[in-house]
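This briefing goes through one structure by topic.

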Amino acid sequence: MTRQAGARVLVLRCPDLLAEDAARAFEPVVAVVEEFCPHVEVLRPGVCAIPARGPARYFGGEVELASRLAAAVSLGGFGGQVGIADGLFAAGLAARTGPAGLVVPPGKTPEFLAGFPVGVLGIPELTALLPRLGIETLGQLAELPPADAVSRFGPSGELAVRLARGLDPRPLIPRPPPADLSAAMEFDPPAGQSEPVIFAAKALADQMHDRLAAGGYGCVRVRVEVHYSGGAQVSRLWRHDGLLSALAVAERVRWQLDGRPGGQAATGDDAEVGGVTLLRLIPDQLVRATGRQLALWGDAVVTDRVARAAIRVQAMLGHDRVTRPVLAGGRRPAEQVLFVPFGDSEVPQRPADRPWPGQIPAPAPAVVYPVPRSASVTDSVGEVVSVGGRAGLSAAPALLAVEGGPACPVTAWAGPWPVTQRWWDPPRSCRQARFQLRTDDGRAWLAVLQEGHWVIEASYD
Amino acid sequence: MRHRDDVLAGEGMLPVLPALRELLPGGGLSRGSVVTSGGFGLLSLVLVAGAVADGAWCAVVGVPAVGMRAAVEAGVDPDRVVLIADPGPRWPQVVASLLDGFDIVLLCPPDQPSAQLRRKLEAAARRYDSVLVIAGDWPGAQSRLLVAHAEWAGIGVGYGRLRARLAQVVATGRGAGERPRAAWLWLPGADGAVTAAAAAASGSLVTGGRAAATDAPDLARLASSG
């Protein structure tokens, strides 16, 4: 086992792109990083790493490299934090330190790490135990003799001590350009029927899987590109996760051909679209093949029949238009549900099981408008109802008109309930007064007054 | 884990919430049938809630404004729901594909379908043993449910809040011999759950403060008129 300090590593972290579904948005950022150094390892969506030594020599120093990379990434519209340190673990922490990241000088990594709590190790069985033994920081952990750590904590203890000392457990695994792993076939003359294309797709998928396996990679998704002789090109991403067989990939190609622009499958005599001239399979988001079998679906077991129907509709409409609801926290009804594309996984940033003071209690409205509808709430003399600085009401609401429709008499109302959201963040903060209104047609509404404008956020049927 | 086939296998019937049982012939959603619920609202979600809670899969098509939280309070398991907010111009194909796979498709048709198209989708529901729940109008439906009267309780003039809604749901079936059935429901009740209102209407639900005092007589009148 090597005892040397880890090699110099640069980690780029884009805080806006850390969500699972941001992987696609992260690709252009990775392309920017690849211009600095072709050996990029994507650690997870929003975080990637490159070896720092070569590029730093080229650009005249690590600090210079970090600032140039951050500038290049910000040109793409994303904020990036750049950290450089000995080894991947320390570089990842350095990237999270300060708004722009941190360059830890060579040899200073153990000092840099010493102040961090052991929780940053991300080894759950140890991070609960170590503080109870009086080891609260990485500095204290680094002082433990490795042999004692192994005998007391097992292999994860050894790993923890190595990390705490700035010794990296593994080298970077750069990803090769995906183009090298793709598989393509041209059709001359253009294939008018789907069948030969699907047949070829199975062989291409086998080729692609072989190339991935030879490099020890898996891919999260596979991009299927179909070119038509009419000039159209249809490209779709399909969830792969290393779980699809060649036949399953071919089936997705069939779905994609079925959902092609302008018509039904397997006719091909459509003059505008024409036959298929090229089929290409490109592995997307390479990861190290760890043999992990991901559950496609959280807890609920999705039956094949359901998944097939949903994926088929995704082929017709697009990946993002078939979604699953995930409950999230929030005060506004529209915030309380996220719509995650079928096949993607997402943990809500705002968990639903926390208290959200100011949330309207149950029962929840059955109709929640994705975009609030404009409305007008007037009092008995026709003046718009307003709310004063101390939540005082100008007059009782008497009439409600939604989106310029006919005014309905208000038979009962409750409110105002003031909500001040994110007062700590001026650009995103907002002050609202919320009301429940009951109208004489038997319906009830969740109305919001913000900056003098009334909107309807939801309807209770 | 339940699978498609063991949801009341053999009976050809998907369960509904107990409060809705007497409204539907056979006490459930019969596989291969079409049921309407009037325009999209809580009743549409409540119709599918019993089956989804029992392990059935539901696709909701053409309802961008679906209130998932209300659905969950009514008993819908969000892990078994897939949403297609905008099915686009080829929505009949989308619905037909979904019927092959999902136990229930809750559809708010983006435009008025022709009789031929309706027959096609009815045939797809029969072939795949699924249930098509329509939020809207569908002339060939086996059962039609409608909220005939509804009154929100718990809210006053400047006080209280919406706590529960007492609603009369009327169901009509196809064919002249079928007599309309009606039931009073808490749609929804105080915690979002849907229950039969007969027992609750006496006023145990709306408790505390002025809201109860003002609204209880109102509700009693509503209940007695049904």
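A:Gly452 counts as exposed because 8 C-beta neighbours lie inside 10 Å, and a residue with 12 or fewer is placed in that class. The model is a predicted one. A:Gly452 sits in the loop between strand 15 (444-450) and strand 16 (453-459) of chain A.

**The loop between strands 15 and 16 of chain A**

- From A:Gly452 to A:Ala433 the C-alpha distance is 10.0 Å, and 19 residues separate the two in sequence.
- A:Glu451 also belongs to the loop between strand 15 and strand 16 of chain A.
- A:Glu451 is exposed, as 7 other C-beta atoms lie within 10 Å.
- The phi of A:Glu451 is positive, at about 50°, although the residue is not a glycine.

**Chain make-up**

- Chain A has 12 helices and 16 strands.
- Of the 461 residues in chain A, 39% are buried.
- In chain A, 57% of the contacts with a separation of 6 or more join residues 24 or more positions apart.
- Chain B has six helices and 11 strands.
- Of the 226 residues in chain B, 51% are buried.
- In chain B, 64% of the contacts with a separation of 6 or more are between residues 24 or more positions apart.

**Interface between the chains**

- The interface brings 48 residues of chain B into contact with 45 residues of chain A.
- On the chain B side, at least two residues each come from helix 1 (42-53), helix 2 (68-73), strand 5 (81-84), helix 3 (91-99), strand 8 (143-155) and strand 9 (160-173).
- Helix 2 of chain B supplies the largest share of that side, with five residues.
- Sorted by class, the side of chain B that touches chain A consists of 26 nonpolar, 11 polar and 11 charged residues.

**A helix pair across the interface**

- Two packed helices are described by the angle between their axes and the distance between the axes.
- The axes of helix 12 (residues 304-317) of chain A and helix 3 of chain B cross at roughly 165° and come within 8 Å.
- Helix 12 of chain A is therefore roughly antiparallel to helix 3 of chain B, since angles over 145 degrees count as such.
- The crossing of helix 12 of chain A and helix 3 of chain B is right-handed.
- Helix 12 of chain A makes the contact through A:Ala309, A:Arg312, A:Val313, A:Met316 and A:Leu317, and helix 3 of chain B through B:Gln93, B:Val94, B:Ser97 and B:Leu98.
- The contact of helix 12 of chain A with helix 3 of chain B includes six nonpolar, two polar and one charged residues.

**Nonpolar cores**

- In soluble globular proteins, nonpolar side chains tend to be buried together.
- The largest nonpolar core here has 117 residues, and B:Val46, B:Val48, B:Cys58, B:Val61, B:Ile104 and B:Val105 have the most contacts inside it.
- Helix 1 of chain B gives the most to this core, namely nine residues.
- Leaving out residues up to four places away in sequence, B:Val48 touches B:Cys58, B:Val76, B:Ile104, B:Leu106 and B:Val133.
- Another core, of 50 residues, lies apart from the largest one and has A:Ala49, A:Ile50, A:Val161 and A:Leu163 among its members.

- A:Leu204 is part of helix 10 (residues 194-215) of chain A.
- A:Leu204 is buried because 23 other C-beta atoms lie within 10 Å, where 20 or more are needed.
- Neighbours within four places in sequence aside, A:Leu204 is in contact with A:Ala183, A:Met185, A:Leu279 and A:Leu281.

**Other backbone geometry**

- Most residues other than glycine have a negative phi, and most peptide bonds are trans.
- B:Asp129 has a positive phi of about 60° and is not a glycine.
- B:Asp129 is found in the loop between helix 4 (115-128) and strand 7 (131-134) of chain B.
- With 16 other C-beta atoms within 10 Å, B:Asp129 is partly exposed.
- A:Ala362 and A:Pro363 are joined by a cis peptide bond, with omega near 0°.
- A:Pro363 lies in the loop between strand 10 (337-341) and strand 11 (367-378) of chain A.
- The peptide bond from A:Gly415 to A:Pro416 is also cis, with omega near -5°.
- A:Pro416 is located in strand 13 (residues 408-421) of chain A.

Conventions:
Residues are numbered from 1 along each chain as its sequence is written. Chains are lettered from A and ligands numbered from 1 in the order in which they are written. This is a predicted model: local features need pLDDT of at least 70, side-chain atom pairs count only at pLDDT 80 or more; totals for chains, interfaces and linings use all residues. Two residues are in contact if their C-beta atoms, placed from the backbone, lie within 7 Å. Helices (H or I, at least four residues) and strands (E, at least two) are DSSP runs, numbered from the N terminus. Ala, Val, Leu, Ile, Met, Phe, Trp, Tyr, Cys and Pro count as nonpolar, Asp, Glu, Lys and Arg as charged, and the others, Gly among them, as polar. Axes are lines fitted to C-alpha atoms, for helices over the stretch in contact, and angles run from 0 to 180 degrees between N-to-C directions. Angles under 35 degrees count as roughly parallel, over 145 as roughly antiparallel, 65 to 115 as roughly perpendicular and the rest as oblique. A crossing is left-handed if the near helix is turned anticlockwise from the far one by less than a right angle, and right-handed if clockwise. A nonpolar core is a set of buried Ala, Val, Leu, Ile, Met, Phe, Trp, Tyr and Cys residues joined through C-beta atoms within 7 Å.
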